[in-house]
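Welcome, and take a moment to turn the model around before reading on. We will walk through it piece by piece, starting with a pair of strands.

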Amino acid sequence: MVVQDDPCPPIAPPADPIARVLAVLDGIADHGHGQYGARCPAHDDATASLSVAAGQDGRALLYCHAGCTAKAIVAAIGLKLVDLYPTWGARHGAPRSTLAPRLRRVDVEENQPLLVATGLTLAELAAAKQLPIELLRRFGLRDFLLGDLPVVRIPHHDEDGTVVAVQFRRLLTSGPGKFVWRRGDTPALFGVKQLVQARRHGPVESLVLVEGASDVLTLEHIGVVTLGLPSAAHFASEWDSALDGIARIEVIIEGDTGGQAVCRWLRNVSWRTRAWMVRLPAKDVSELYLVDPSGFVAAFQAARDLAVPVHPTWPNAASVTIAARRR
Ligand SMILES: [Zn+2]
């Protein structure tokens, strides 16, 4: 039997956006693990300035180290931003995917790197942090549209349960614009409402103070009462009342410049005699959990066991009296 070559095979575009992009780029170098280098088509590129990699959802991520925008890069090779997504069918009569609003936003924000403009959903955040989405919802987190951009809305409550500040998370990974506060809001503690609820069930003897909502959610997931600082830079005196009556306040000291900032203000807060410093064998609580979720409870407890008091000699009535007289 003779198999005839089809003289006119249907020309289908590659379904994989990475393959689609690589098919039209020059000077491709395969760096392994799905990472490629190529000459950037949007500027006169003698070296391979363009990095190509796959995003979590299968989209092709483009990054020109000379600063060309994703829009300029795809335009130079005759593609559109939508071609970077595994949704080719959307342009060929198939139902529009749920990613459509994001793509419009990408078009609008042509001067921003693609990673910045694609937004974040509650489900994506829960999956990335390996936390049940119900826990995030219980803390008031929800999907929100900032313009056309999907973001996660993170409400911050006072002790009466009133929302006093709202933060929007726009990115999973670190980068400019990862978080933005609602216009006019003053950054506030995260988890105050839940702390008040915990107090209703009995006295709260100890509490962990972390940086950011994700670390609060991670510790609440294992039943640890936690408050989140909006940043490592300072602790406002108006937040003191949230810590009233709590005998032991364990402050996570992150191993970066933020951790150094915490060490500076921690020596001056009114509750310093109740404060303990906890160092983690990871960047932060969330990272410690993600490297080994099943071993997290033990790893976190081991770090707590090594906590050191901020003022090892206090409370000491004599030294307090002498200090007061000298003033
Ligand atoms: Zn370039």
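**A walk through the strands, helices and cores**

P155 has V166 as its bridge partner in β7. Before going further, please note that this is a predicted model, in which local features need pLDDT of at least 70, side-chain atom pairs count only at pLDDT 80 or more, and totals for chains, interfaces and linings use all residues. Residues are numbered from 1 along each chain as its sequence is written.

Strand β6 (residues 149-157) and strand β7 (residues 163-169) pair antiparallel through 6 bridges. Two strands count as paired if DSSP finds at least two bridges between them; strands (E, at least two residues) and helices (H or I, at least four) are DSSP runs, numbered from the N terminus. With 5 residues between them, β6 and β7 make a hairpin, and G161 in its turn has a positive phi of about 85°. On to the next neighbour: β7 is also joined by 3 bridges to strand β8 (residues 179-181), again running antiparallel. There, F168 stands opposite V180 in β8.

Now look for an open sheet of 5 strands, in the order β10-β9-β11-β12-β13 and with mixed pairing. Its edges are β10 (226-229) and β13 (308-309); each has a single partner strand, so one side of each is left without a neighbour in the sheet. Helix α8 (residues 213-221) packs on this sheet, touching β9 (206-211) and β10, and its direction makes about 170° with that of β10. Such angles run from 0 to 180 degrees between N-to-C directions, with axes fitted as lines to C-alpha atoms, for helices over the stretch in contact. Within the sheet, β11 (residues 248-253) and β12 (residues 275-279) run parallel, joined by 5 bridges. Helix α9 (residues 257-266) packs on the sheet too, touching β9, β11 and β12, at about 145° to the direction of β11.

Which residues have the most contacts inside the largest nonpolar core? They are L209, V210, V216, L227, V251, I252 and V285, in a core of 43 residues. A nonpolar core is a set of buried Ala, Val, Leu, Ile, Met, Phe, Trp, Tyr and Cys residues joined through C-beta atoms within 7 Å. Buried means 20 or more other C-beta atoms within 10 Å of a residue's own, exposed means 12 or fewer, and partly exposed lies in between, with C-beta atoms placed from the backbone. Apart from this core lies another, of 20 residues, including V21 and A60.

Note on methods
Contact = placed C-beta atoms within 7 Å.
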